[in-house]
Amino acid sequence: MSAVSTGIVNVALVLLLAPLFEGVLRKLKALIHSRKGPPITQPYLDILKLLGKEDLRAGRGLLFNLSPMLALGAVLVVALLTPFGAGESIFRGDMIVWLYFLGFAAVATMLTAFSSQNPYAYVGAAREMMMMLTAEPVIVIALFAAGVKAESLMMSDMTAWQLGHGATISMIAAAIAFFLALQANVGKLPFDIAEAETEIMEGPFIELSGPRLAMFKLAMYGKQLVFAAVFVQVFLPWPNMGSVPANLLVSLAKVFGVLLLVGVIDSVNPRLRIDQSMNYFSRVIFVSLAALAFAVVGV
């Protein structure tokens, strides 16, 4: 596949499949809680309904108006940089660019909250910032460990190295660290501290409605998909089926499995306090640092 075709496929996957995976997670949570739950198509219906609603705005600043588009745009750029199915991404951007745009999406969320002048939104933005500063370093160090092994920061090069060399101590440790931080980076229990519906009523999104809220929801769904995709592509790229379409199907199946595990964890855990979360990641970061140390010494 050409780079342009791959980029189109990546964006289409995020826009079309991310709400479906979210619907499956909602249904799974309902079943675990002995409820019937919504249909798996409910996220699509939610987005379509929001797109047709009036766009009420609590803020009038430029940042408040543009931040939903910036958040969704950043996630779609991340999709272009993610090597789904062990294929090449449309841009030759490395993991630093990938991390930058994911961080940019989180910053757009915080800017929306701070621009809304709602105290609950302020609390949610502060929590989002604290989660970003504690959870994302684990992801960064784990990916750097993979980059050291591959001698490249390109996502596709990391995938190719892992396919050719198999599991090593450093990559196993990095995979464990990445997964332990994955739950927080996709905003699922026990780390949905920034939204916390029963505490601060959706936090950063409390003053959003209509199409702007739809864009943020779609960005959040897409973020889940790209995080899970990078996890399986960098740390669990096997098997290589020999063709991009077959690799893509296998990759999506693995992504689905990872998100199911995320959904189970989300369903059986209570929400942590922000101090408990920070204490947790102060320990998990040592796992990622150990992975990086192992990678540097070649094991």
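This is a predicted model: local features need pLDDT of at least 70, side-chain atom pairs count only at pLDDT 80 or more; totals for chains, interfaces and linings use all residues.
**View 1. The largest pocket and its lining.** Here we look into the largest pocket, which holds about 600 Å³ of space. Its lining counts 23 residues, and Glu22, Arg26, Lys188, Glu197 and Met220 are the closest to the pocket centre. Two elements, helix H1 (3-32) and helix H9 (210-235), each give two or more residues to this lining. H9 gives the most, with 6 residues.

View 2. The model has 14 aromatic pairs. One of them joins tyrosine 100 and phenylalanine 104, which are stacked with 6.3 Å centre to centre and 25° between the planes. Both residues lie in helix H4 (residues 95-116), 4 residues apart, about one turn of the helix. Tyrosine 100 counts as exposed because its relative accessibility is 53%, over the 50% cut-off. Phenylalanine 104 has a relative accessible area of 30% and is therefore partly exposed.

**View 3. A tilted pair of phenylalanines.** The rings of phenylalanine 205 and phenylalanine 216 have centres 5.2 Å apart, and their planes meet at 55°, so this pair is tilted. Phenylalanine 205 sits in the loop between helix H8 (197-200) and H9, while phenylalanine 216 belongs to helix H9, 11 residues apart. Both phenylalanine 205 and phenylalanine 216 are buried.

**View 4. A cluster of aromatic rings.** Finally, have a look at Trp98, Phe178, Phe179, Phe227, Phe231 and Phe235, which ring pairs link into a cluster.

How values were computed: Residues are numbered from 1 along each chain as its sequence is written. Side-chain values use heavy atoms; hydrogens and water are left out. On a 1 Å grid over the protein atoms alone, a cavity is a set of points where a 1.4 Å probe fits but cannot get out, and a pocket is an open set with protein on both sides within 12 Å along at least five of seven lines; lining residues have an atom within 4 Å of a point. Grid points are joined across faces, edges and corners, and a volume is the space filled by probe spheres set on the points. Rings of Phe, Tyr and Trp (its six-membered ring) pair if their centres lie within 6.5 Å; planes under 30 degrees apart count as stacked, over 60 as edge-to-face and the rest as tilted. Buried means under 20% relative accessible area, exposed over 50%, partly exposed in between (1.4 Å probe, protein chains only).
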